[in-house]
Amino acid sequence: MSSPSSTEQYVVRAVRTEEWPAAKALRLVALQDPVAHLAFLETYDDALARPDSFWQERTAGAAVGSDDARQFVVEGPDGEWAGTVTVLVEEAGTTDWAGFPVERRQGHVVGVYVRPEHRGCGLTEVLFDEALQWAWDTGVERVRLIVHEDNGRALRFYRRIGFLPSGVTMPLTAGSAESELEYVLERP
């Protein structure tokens, strides 16, 4: 396709360990998005204060070759990272980030972000296709994600690509009236 919004001009791939500066830079951009307070469990200031060693370890833990997590990026024609998504593998018998028991081997989608100027042309779908294929290839039984109840844009997208509410609701923080909803996609 020759349209500037064509997804054929982009490459979706897993991050490499040495790309931690780019992973850090994109995360900092994501944390400045107007809905970042609904989408991420971290603030821009907290992320900015983290040492480089944190970003190096985080990127290495989800880079090519990792079996426990995989971060995918979509790279534009100019090499700029236009978006990202990460899938964490949660093993049955463990507990998740919120302290809830994991009952079966599953993927957990986190860190979804596409730069505003690249939205609306199908990049998020392409990112999810790659991330979900990796998750299925690792043998997970389902993939889940947690989304804030007020994040309408994300809720609409997740439903459109087949994620369904599981009925599990988690408080945003202890004692909070705000909650996040679990959405799941069963293995095809």
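**Close-up views: helix packing and the sheet**

**View 1. Helices H5 and H6 cross at roughly 55°.** In this predicted model, the axes of H5 and helix H6 (residues 152-160) come within 12 Å; axes are lines fitted to C-alpha atoms, for helices over the stretch in contact, with angles from 0 to 180 degrees between N-to-C directions. H5 is therefore oblique to H6 (under 35 degrees is roughly parallel, over 145 roughly antiparallel, 65 to 115 roughly perpendicular, the rest oblique). Thr124, Glu125 and Phe128 of H5 meet Phe157, Tyr158 and Arg160 of H6, contact being heavy atoms within 4.5 Å. Helices (H or I, at least four residues) and strands (E, at least two) are DSSP runs numbered from the N terminus.

**View 2. Seven strands form an open sheet in the order S1-S2-S3-S4-S5-S7-S6.** Pairing is mixed; two strands pair if DSSP finds at least two bridges between them. S1 (11-14) and S6 (164-171) are edge strands with a single partner strand each, so one side of each has no neighbour in the sheet. The twist averages 25° from one strand to the next.

**View 3. S6 pairs with S7 (residues 179-186) in the antiparallel sense.** The pairing runs over 5 bridges. Pro171 has Ser179 of S7 as its bridge partner.

**View 4. Helix H1 (residues 20-30) packs on the sheet.** H1 touches S2 (69-75), S3 (81-90) and S4 (106-114), and its direction makes about 100° with that of S3.

**Notes.** Residues are numbered from 1 along each chain as its sequence is written, and side-chain values use heavy atoms, without hydrogens and water. Local features need pLDDT of at least 70 and side-chain atom pairs count only at pLDDT 80 or more, whereas totals for chains, interfaces and linings use all residues.
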